[in-house]
Amino acid sequence: MIDKVYDPHRVEEKWYRFWEEKGYFSADENSPRKPFCIAIPPPNVTGSLHMGHALNNTIQDILIRWRKMQGYESLWVPGTDHAGIATQNQVERKLAREGKTRFDLGREKFEEEVWNWKEKYGKRIIEQLKKLGASCDWERERFTLDEGLSEAVRESFARYYKKGLIYRGERIINWCPRCGTAISDLEVRYNEVEGKLYYINYPIAESKKFITVATTRPETMLGDTAVAVNPEDSRYKKLVGKTAMLPLVNREIPIIEDELVDPKFGTGAVKVTPCHDPNDFEIGKREKLDFIKVIDENGRITHPLYKGLSIEKTRNKIVKDLKSKKLLVKIEPYTHSVGSCARCETTVEPMVSKQWFVKMKPLAEPAIKVVKNGKVKFYPKRWAKVYLNWMYNIKDWCISRQLWWGHRIPVWYCKDCNNIMVTVNTPKVCEKCGSKAIYQDADVLDTWFSSALWPLSTLGWPKATKDLAKFYPTNVLSTDPDIIYLWVARMIISGLEFMNQTPFKDVYIHSTVLNEKGERMSRSKGIGADPLDLINKFGTDALRFTLTYLESQSQSFRLWEDRFEMGRNFANKIWNATRLVLPYLSHFEPKLDERMNYELSDRWILSEYTRTIKSVTDAFKHFNFSTAASTLYSFFWHEFCDWYLELAKSRLYRKDTTCLYVIWYVLEGTLKLLHPIMPFITEELWQKIPHKGESIMVSSWPVFKKKFIDNKSEVSMNIVKDVVSAIRNIRSELRVPSNKKGVCLIKTDRGEIKELIEKCRDYVLGLSKVESIEAGSDAEKPEHSAVSVISGAEIYLPLKGLIDFEVERKRIEKERDAIKRELTKVNKKFLNEAFISRAPKEVIEKTKVKKIEYEEKLHRLEENLKSLL
Ligand SMILES: [Zn+2]
Ligand SMILES: [Zn+2]
C-alpha cells in the first residue's frame, strides 16, 4: 500500500538509518572493485550548513551514489576543519561577552576552551550533512587536528624544511591588528574607499626648494627612507641623487629613481616606506634602503614623536603639524582600494615581520604542468585559466599565524646554542649541545597548511596505509570558486610533492548561489538561506533536485524559496505516477519474453528511455548536473506520464503483460537514474515495486541497450503527439466542452502520415476526445472549421454543434479587445524615448517578450474568430 500524498519526513530518516545500518556508506579497502573516491571539502568545525554546502554536497553525493551503482568501490571521506582564525575568533567573542580575553586564560586554558567549544558545536554540521542524505563513510571521519592529521602536518613541514622550501625571514606581510596575527595575501579583501590624497612638501637639502610627494597615508612618513620618481620622468631628472629632509622627523633621505613609480600618480614623486608598503618593500630591497618600522603589532605608532598613538590620531596630528610648518600643499578627495581582514574586516597593516614562509615558485612549476597537460582537469574549463594565472604570479606563502588554535609550528629553539630543530617528534633536549633549555615556536600554522594535505592525510599519509594504496589519487574534487588559490592549488602542490601524483583527476567548480536580487546568499540576508528550513518545508529530495536542476556550470544562479516548488512538484509527480500503476505491478512478475508483443508506444518509450540512460550517464560523466536533472524531469513527466501512461491506461485495465512489463522496466530504471539526485523517494518507491536486491542504493545502474533505440517509432510517435496536441489546443482555446466529441479531418499529401493515422487511430481518438478521424490528400475544410497546421499536414476541426457560436464569438471578441489594449500600451512604451534610454535592460527585455506574446495571442484569437464567422 502507498500513502495518497508523499510525506518526505516519514521516509527520509527511515532510509538514512537503513543505509547506515546496512553499511552501504563504508568502503572496503580490500575490494577488487575499481575505486572511486572523493574527499569532502571539510566544513569549519563550528560551522553550520549553508546553501553553498547544500549544493556542493548534493553534487558529491550524486557522484558517489552513481559510481557505486556503476560497480565502483565508492568512498566519500568526510571530516571537518579546525579553521584556526575563524574558530579562535568565535571563542574570543564568547570570552569578550564574559569580559575576558584569551590572555586572561593563558594559552593552555584557552586551547581547552576551544576544544570544549568544538565538542559542543562540532557535531552540528555532521548531523546536517546526514539530513541532506550525504552517503559519507562516517567510520572514516577525520578532523584536521586529530592525531594522524597532525602527524601529517609535522611530517610535511619537516620535509619542506629539509629541502629548503620552508624558511623563516623578515618579509612584508599583511598584519591584522585586531586578530593580532599575520594573514596571507589571500585572506585580505580589497574595497574601494573614499579617502584623501595628501600633497606634502619635502624640503631639498641645502636648497630653498621642495619636492612635493603625494600619499594616502601621511602617518607612514615617519618611516620614509627615500623619495622616488620614475626614471623616464624628465621633471625630476635634476633632483635624482640629491637628498630631501624628511619633514617633522628631520632625517635626510635620498631621492632615487625606480620603475615602480607611476609618473601619473599625484605629482609623480612618492615617499618610500619599505617597512609598511609592499611596493616600497620591493624598492627598498632593490635600492638597499634603510628599513624603519614605525607601527607595531597593535596598530600603534612606535616613533618617539607620536609614540603610542593610534594610526588615525597620528594621521590627524601629522596633518596639523605639517600645516603649521606650511609644508602641506593640498588635500584632494581620492578613491583607492584598502585591504581589510577577511575574518574581522579590520584594516590590514602591511608590515615587515619575521615569519615562516613556503617558497612557492619551485613548487608551483609541477603544479602548473599537470593542469596544462590535462592530468588535472577543471570543469567548467575556464577555471583552469584562473588557476594558471595565479600560479604564474605566485608569491611566497606566509604560513605562521600568531594564534593559539591550530597546529603549533614544529620548530624548537635552543636557548644555549641557538640551534634550530625541525622534527616530527617533540624533542626533549637540544640535539646539538644536549641542553634541556629548548622551547617550541609559539606560532601556529595557517589553517590551509593542513587543508592542503587533506586528500593525502585523510587516507593515512604519511603512513603507507591500504586506504592510500587503494584510493589515492582521489577522483573528483568539487568546490566553490573562492578557494581555487587558497585550497585547490595548494592540494595539487602537496599531492605532487609528497605522493608524486596529483591528489585528484577532476576539479569541479560549482556555481555561486545568489538570492533573488543577485546578491550573495548569506544568513543575514534572509529567506531561503538556511537549507534546513527548506528541507523541513519541501523535503530533502525536492531541495536536492532543485539545486541540481539549477546548477548549470555558469558562474552563479539566483535562488529563492518558490523555486523549490519545482522539486516538490516533481517528487509528487513521481509519487502519484507510481501510485497509479502500483496496484497492477504489485503482484506482477517481470519477465522478459522474446515474443513480447510490442506496439508503437512501447517501442517508442523504450527508445526514449534508452536515450535517457545515455544522456544522464554522459551528463554525470561531464559534470552537467543540470542536463541530467532536466532530462530526467522531462522524460518522466512528459514522455512517460503524459503520453505513455495515458496511452497505456486501457491496456493496464486488461492487464496486458507486454504493457505491464514495459511500465515496470521503464519505471524501475528511471527510479535508478533518479536515485543519485533524489535518494529517498526513489528508495521508498523502488521497495514497493517488483525488484531484486536489498536497496536501490546498491542496485546496478541501468545499461544502455542499443537494440531499444528505434528512430522510426520516434518519428511516428512525434506525428501522433503533434496531431493530438493540435486538436487539444483547438478544443481548449475554443472552450469545447469535454462531452462534445466532434470529428477531425487531416489534409496531407504524405502517404506515411495517412497510413500512420489509420494505424494509430485508437491512440489519437483515445487522447484527443474526437470520435472519428480521417486523413487523406483530398480532405476538404468543412465550413466553420478551426484549423491547425503541423509539419506535413493541416488539421480541421468542424465546430458546428460543439459550441454556441454567438457566445463564443462574443467571448473571443472581448478577449481580443483586451489583448489589443494591452498591446497598444506596450507599443506606446517602445515609442517613449525616456523608457528606452532609462529602463533597466531586464525590464526592456521582459517588455519585448510580452509584446511578442500579445501579438501571437492576438493572431490566434483572430484565426479562431474567422472559423466562427
Ligand atoms: Zn582580523
Ligand atoms: Zn643547543
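These are my notebook entries on a predicted model.

**Ground rules**

I'm working with a predicted model, where local features need pLDDT of at least 70 and side-chain atom pairs count only at pLDDT 80 or more, while totals for chains, interfaces and linings use all residues. Residues are numbered from 1 along each chain as its sequence is written, chains are lettered from A and ligands numbered from 1 in the order in which they are written, and side-chain values use heavy atoms, with hydrogens and water left out.

**Entry 1: zinc ion, ligand 1**

I started with the metals. Which residues coordinate the zinc ion (ligand 1)? I found Cys176, Cys179, Cys341 and Cys344, each through SG, at 2.2 to 2.4 Å. Donors here are N, O and S atoms within 2.8 Å of the metal (3.2 Å for Na, K and Ca); water is not among the atoms, so sites may look incomplete.

I checked the geometry next: the angles among the four donor atoms run from 102 to 116°, and the site is tetrahedral. For four donors, that word requires all angles to lie between 85 and 135 degrees. Along the chain, the donors of ligand 1 follow the spacing C-x2-C-x161-C-x2-C.

Then I looked up accessibility for two of these cysteines. Buried means under 20% relative accessible area, exposed over 50%, and partly exposed in between (1.4 Å probe, protein chains only). Cys341 counts as buried because its relative accessibility is 1%. Cys344 has 22%, so I noted it as partly exposed.

Glu187 sits in the loop between β6 (181–183) and β7 (188–203). Helices (H or I, at least four residues) and strands (E, at least two) are DSSP runs, numbered from the N terminus. Is Glu187 buried or exposed? It is buried, because its relative accessibility is 13%.

I listed what Glu187 touches, leaving out residues up to four places away in sequence: Ser340, Cys341, Ala342, Arg401, Asp446 and Trp448. Contact means heavy atoms within 4.5 Å. So that list includes Cys341, one of the residues coordinating ligand 1.

**Entry 2: zinc ion, ligand 2**

On to the other zinc ion. Ligand 2 is coordinated by SG atoms of Cys414, Cys417, Cys430 and Cys433, at 2.2 to 2.3 Å. This site is tetrahedral too, with angles of 105 to 113° among its four donor atoms. The donor spacing I wrote down is C-x2-C-x12-C-x2-C.

What does the pair Cys414 and Cys433 tie together? Cys414 lies in strand β18 (residues 411–414) and Cys433 in the loop between β19 (420–422) and β20 (438–440), so the pair links parts 19 residues apart in sequence. Cys414 is buried at 2% relative accessibility, whereas Cys433 is partly exposed at 40%.

**Entry 3: a bent helix and its neighbour**

I followed helix α20 (residues 625–653) and found a kink of about 45°, centred on Leu645. The bend at a residue is the angle between axes fitted to the seven residues ending there and the seven starting there. After α20 comes Lys655, with a positive phi near 55°.

Ala577, in helix α18 (residues 564–585), touches Phe636, Cys641 and Leu645, not counting residues up to four places away in sequence. Ala577 is buried, at 9% relative accessible area.

**Entry 4: two crossing helices**

I then looked at helix α3 (residues 84–97) and helix α5 (residues 107–121), whose axes come within 10 Å and cross at roughly 105°. Axes are lines fitted to C-alpha atoms, for helices over the stretch in contact, and angles run from 0 to 180 degrees between N-to-C directions. That makes α3 roughly perpendicular to α5, a label for angles of 65 to 115 degrees. Among the contact residues are Gln88, Val91 and Leu95 of α3 and Phe110, Val114 and Trp117 of α5.

I noted a cis peptide bond between Tyr379 and Pro380, with omega about -15°. Pro380 is in the loop between β15 (377–379) and α11 (382–392). Another cis bond joins Tyr472 and Pro473, with omega about -5°.

Leu248 is not a glycine, yet its phi is positive, about 65°. It counts as buried at 16%.

Terms used
Four donors count as tetrahedral if all angles lie between 85 and 135 degrees; four count as square planar and six as octahedral if opposite donors are over 155 degrees apart and all others between 65 and 115; anything else is irregular. Angles under 35 degrees count as roughly parallel, over 145 as roughly antiparallel, 65 to 115 as roughly perpendicular and the rest as oblique.
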